[in-house]
Amino acid sequence: MIRLTKFVIKHNWLTIAAILLVTVFFGYSIKSIKVDPDITSSLPQHIPAKLFYDKMNKIFPSKDFILIALESDSVFSLDVVKEIFDLTKKLEQFPDVYSVMSPTNVKLITGSDEGMIVKEILSEAPTTEKEVNEYRQKLLHSELPIDNLIAKDRKMAGIMVFLKNTVKPEDGADKILKFINSYNSPVPIYVTGKPVLTYYLGRGMARDMGLLFPLVIVLIIVILWISFRSFRGVLLPLSVVVISNIWTIGAMAILGVPISHSTNILPILLASVAVADGIHIINRYYDFARTGLSVKDSIISAMEELNSPVILTSVTSAFGFLALNSSDVGSVGELGVFTALGILAAMVFSLTFIPASLSLMKTPKRILRKTEHGLLTKLAIKYGDFLINKRKHLVGFILLIILFSAIGIPLINIENNSIDNFPDDHPAKVAYLHINKHFAGTTYLSIIFEGDEPDAIKDPKVLRDMLKLESYLKTLPHIGATLSLADFIKRINKVMHAESEEYNVIPPDTVIETGYDWVEENGQWKEVPVTFKTSGKNLIAQYLQLYEMSGKPGDFSNLVDYNYQ
């Protein structure tokens, strides 16, 4: 490797220019780097939960929702109902929004002489207290699933905004939050949901990188200045940190790898590793310069001694980080790959740029005059002597620390709730906790029933199984509410039988009903009782067809696919 050192000393300007040119290329590429704070993007593709999550995106038009909550002494006051109505209509106009479910636009399902009527509970905003009271009675006695729309204490109303699955959750949340923040509301408004948390996590990642990396740079500058008391002693090791980061993040941008919740620590991590080689090279170069060797000979002597250690420590560190690829979380593997790449870039930079730059500089006169060790070196020597003299005691002490630490490992708490990443006064956490106190919940779990053929979900047995599962889930302490197509079928069956509670169930597999028909007997027509028999599946299909004729075909799009499979 000493041949490389001699080459870069001989062609110092060429070496420096080549490295700076590569740096400019990678630096320009950084402008296209993306930030992806959504942890679901990092999940391994082979696990069932990830496969299922991706499958949902193909089946259903919306997978994420934002919950907007308005708080008042009474959500059934005239002004608040008007506010909810107006806000709902405006949210429905957003291009990123697939649908909006609000206390003012829920669908009332009622029976009629012709069959069934489906209409929004409010066609226009109420103008009198009497209209508000009528609306209140309709809503609270509608048997509709309103657990996330009206709080039990009637002091908070929720609007569920479903985003299109073609929209990045954080982008949709960004637009909704900007709109709500600029919205002039007479009552407090809170916004939460997974897209909102993802949006704030992305902002936090960007802020952390923008704040922590400069702080690390300042800290490195201070340490380097204390160590070397010269600009070259600061700038050359620092250049390794900065340029290795530029190369690494530029490579991520070129390869389309975003900054994620794992890789956002890469610049700080790389800075702590990359600075070491430069410090060793500069320090050893000064040691040889003090002996009276020329600049060239001092560099060659230092690099003869350090080429192998720099390469070995860099390669072993790189392989250590590559071991992170054993993780099932994709972003953790990316952290390992690009940290390893950055360490190797720092190695190349240390072995080329630093010797080339030193060859262009004269030996500092301060170094030539200085014959004694500095304060830091003296402290290091004393510390080394202490370790050697007290080695027996220190080994025992270290073993005790290891034992104590091992005892604590089983006590580690595994936590992946995004909300715990925010301070208590952060608007995302305040909204999340406040809304969860009033509503069924802001986090949802999706369970899919899948048939072998179209219309399988219309089978009464399947719908009854859905209701059985819902009944069980409601007994669990973590579950606030449940909703499925079966809830609507049960409601439709009831309204089609004059609101009789007896029919507040899923139709049986075979439906037998009595009625009347006209028959000719002895030349005369008369009405006689007849029995009709049909399958429950056909009856449910008729119910759904009647609903679509009166409502909208897309009303159930988040609960069942187009083929009812």
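Me: Among contacts in the chain between residues at least 6 apart in sequence, what percentage join residues at least 24 apart?
Reply: The model is a predicted one, in which local features need pLDDT of at least 70 and side-chain atom pairs count only at pLDDT 80 or more, while totals for chains, interfaces and linings use all residues. Residues are numbered from 1 along each chain as its sequence is written, and side-chain values use heavy atoms, with hydrogens and water left out. A contact here means heavy atoms within 4.5 Å. Among those contacts in the chain that link residues at least 6 apart in sequence, the share joining residues at least 24 apart is 72%.

Me: What radius of gyration does the chain have, next to that of a compact globule of 565 residues?
Reply: The radius is taken over C-alpha atoms, and the globule rule is 2.2 Å times the number of residues to the power 0.38. The C-alpha atoms fill a box of roughly 135 × 55 × 50 Å along the principal axes. A compact globule of 565 residues would have a value near 24 Å, whereas the chain has 35 Å.

Me: Does D455, with its positive phi, count as buried, partly exposed or exposed?
Reply: D455 is not a glycine, yet its phi is about 70°, and it is found in the loop between α15 (427-438) and α16. Buried means under 20% relative accessible area, exposed over 50% and partly exposed in between (1.4 Å probe, protein chains only). Because its relative accessibility is 30%, D455 counts as partly exposed.

Me: How far apart in space are D425 and Y383, C-alpha to C-alpha?
Reply: D425 lies in the loop between α14 (391-408) and α15, and D425 counts as exposed because its relative accessibility is 66%. D425 and Y383 are 42 residues apart in sequence, and their C-alpha to C-alpha separation in space is 44 Å.

Key: Helices (H or I, at least four residues) and strands (E, at least two) are DSSP runs, numbered from the N terminus.
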